[in-house]
Each structure stands twice: as C-alpha cells, then as structure tokens.
Amino acid sequence: MTQQGRLVEYLAIAPVVPVLMIDDAAHAIPLAEALLAGGIGIVEVTLRTEAALPAIAAMIRAVPGMVVGAGTILTPTQYEQASAAGAQFIVAPGATVPLIAAARQGKIPFLPGAATPSEVLALRDAGYLHQKFFPAEPAGGIPMLKALAAPIPDVRFCPTGGITLTNAPDYLALGNIACVGGSWLTPAALMHAQNWSRISDLAAEASRLRLG
Ligand code: 3PG
C-alpha cells in the first residue's frame, strides 16, 4: 500500500482525531488507553511540549491498538524526530517546500495543512488529496469547506481548530470531510487531574459521531 493509502485508512479509524498536548510523558499510556477504551483508535500528539516525542514512543510501545501520529510538525528536523520516535503519520498545520521534500523522502504518511484555495491546489498538485483544514473555524469553517468542494471536489479535509462536540456533526455531514480533529476530548484540567475515566467518556461520546 502507498504511504497516502495508509493515511486514508488511518483517517477512517474514527470520526474524531484527538489533538493532544501532553505535558507529562507519564500520562501518555493511560491517556491512550482511556481514549481507546472510549472507542477512539487514533491520536495526533502535537510537538508543542517537550514530552511529545517520549509520549509518542511510549504509546507506540505500550498501546498497540492505537494509531499514533505526530502533529504541529513545522520543519524537516521535526519530521525526522517524529519519525524516529515511531510516529505512524505526520500532521502539519500548513506546508512548506522543505517539509514536503522531507515527507517525500520519508516513509510515513503525511497530512499537510491548507486554509485557502491556492494552498489546497498547491498540495493537490503535490499529490496530497487529503489535507488538514486549519485553523478551521477562523479560516471560514463550514461555509468555506462547502465553497471549496464546488471547484475542488476531489480533496478531502480533516478540519481542526475550533471544532467541538456541538459543531462536529455539521462538519462531518459535509461531503468533502474525512474526519475532524480537536482538543476537546482531552481538556488540560482533566489531563492534569489524570481523570482518565472522564476522558474515556468524552472519547465514547465522540466515537458515536458519524460521517454524513
Ligand atoms: C490543532 O492543533 O489542530 C488545533 O490547535 C486544535 O484546535 P482546538 O484546540 O481548537 O481543538
């Protein structure tokens, strides 16, 4: 299977990809287990904290049922670091020429980000028919995605940024959506309190959402 073929399979695992900000690598395994228990088998661990890379490695080692991606990848160096940590897919909030070059040389499925028609077309030209739409709500949200579908019907989006349990169903009802991403399943307060059972409940609620 091609790299991007694997990405398509991953993005079909759950309607919602939790976007994780992990402050303490010791939280990685119980967090992944809690999300999996709630029916969510895929996560994006953002490289916004020092704990992110060890957290990815720990999840990959100890929670085999979870597909673990690395997010907030801004540079080829971060792509390599995430790859070395074992990340199964790589997510970027946008795309740059060096990052696309790194992704082409690498072996890991890549979900690059776009927020305008020209960015979507540039990535489409580079072969990326699945893209992160970021930041979803500030960039125009549902009306923007509907407008993009008319001239560019073959690109599927994973919108992230401002998605909640309340607006997720309207996003998932659109024809050009693969899944949505969001941090609402893992609020900082619940993470700090290590309230894994409540996080499991939030995951269960999200896993019941359906594509339209
Ligand atoms: C991301 O990195 O994808 C977003 O910042 C997550 O956005 P949210 O916190 O609004 O869900």
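View 1. At 15% relative accessibility, T72 counts as buried (buried means under 20% relative accessible area, exposed over 50%, and partly exposed in between, with a 1.4 Å probe and protein chains only). The model you are looking at is predicted, so local features need pLDDT of at least 70 and side-chain atom pairs count only at pLDDT 80 or more, while totals for chains, interfaces and linings use all residues. Residues are numbered from 1 along each chain as its sequence is written, and side-chain values use heavy atoms, with hydrogens and water left out. Look for T72 in the loop between β3 (67-71) and α4 (76-85). Here, helices (H or I, at least four residues) and strands (E, at least two) are DSSP runs, numbered from the N terminus. The phi of T72 is near 55 degrees, a positive value in a residue other than glycine. Most residues other than glycine have a negative phi.

View 2. Q194 has a positive phi of about 50 degrees, although Q194 is not a glycine. You can find Q194 in the loop between α9 (188-192) and α10 (196-207). Is Q194 buried or partly exposed? With a relative accessible area of 44%, Q194 is partly exposed. P30 sits in helix α2 (residues 28-37) and is partly exposed as well, with a relative accessible area of 24%. Along the sequence, P30 and Q194 are 164 residues apart, yet in space they are 8.5 Å apart, C-alpha to C-alpha. H27 belongs to the loop between β1 (16-20) and α2, and it is buried, with a relative accessible area of 7%. Not counting residues up to four places away in sequence, H27 touches M191, Q194 and W196 (contact means heavy atoms within 4.5 Å).

View 3. Which form does the peptide bond from F134 to P135 take? This bond is cis, with omega near -10 degrees. Most peptide bonds are trans. P135 is in the loop between β7 (130-133) and α7 (141-149).

**View 4. The residues around the ligand.** An oxygen atom of the ligand is 2.8 Å from an N or O atom in the side chain of K132. A ligand oxygen is also 2.7 Å from a polar backbone atom of G162. For S183, an N or O atom of the side chain is 2.5 Å from an oxygen atom of the ligand. Taken alone, the ligand exposes 320 Å², and the protein buries 81% of that (areas come from the Shrake-Rupley method with a 1.4 Å probe).

View 5. Of the 80 residues in the largest nonpolar core, L35 and M59 touch the most other members. Such a core is a set of buried Ala, Val, Leu, Ile, Met, Phe, Trp, Tyr and Cys residues joined through side-chain atoms within 4.5 Å. Leaving out residues up to four places away in sequence, M59 touches L20, I22, A28, L31, A32, V43, V45 and V68. A52 is in helix α3 (residues 52-62) and is buried, at 0% relative accessibility. Beyond its neighbours within four places in sequence, A52 is in contact with I22, V45, T46 and L47.

**View 6. Q3 in helix α1.** Start at Q3, in helix α1 (residues 3-11). At 24% relative accessibility, Q3 counts as partly exposed. Apart from its neighbours within four places in sequence, Q3 is in contact with A103, G106, K107, I108 and P109. The side chain of Q3 reaches the backbone oxygen of I108 at 2.9 Å. Q3 and G106 are 103 residues apart along the chain, and their C-alpha atoms are separated by 9.4 Å.

Note on methods. A polar contact is a pair of N or O atoms within 3.5 Å; within protein, one must be able to donate a hydrogen and the other to accept it, and residues adjacent in sequence count only if both atoms are side-chain atoms.
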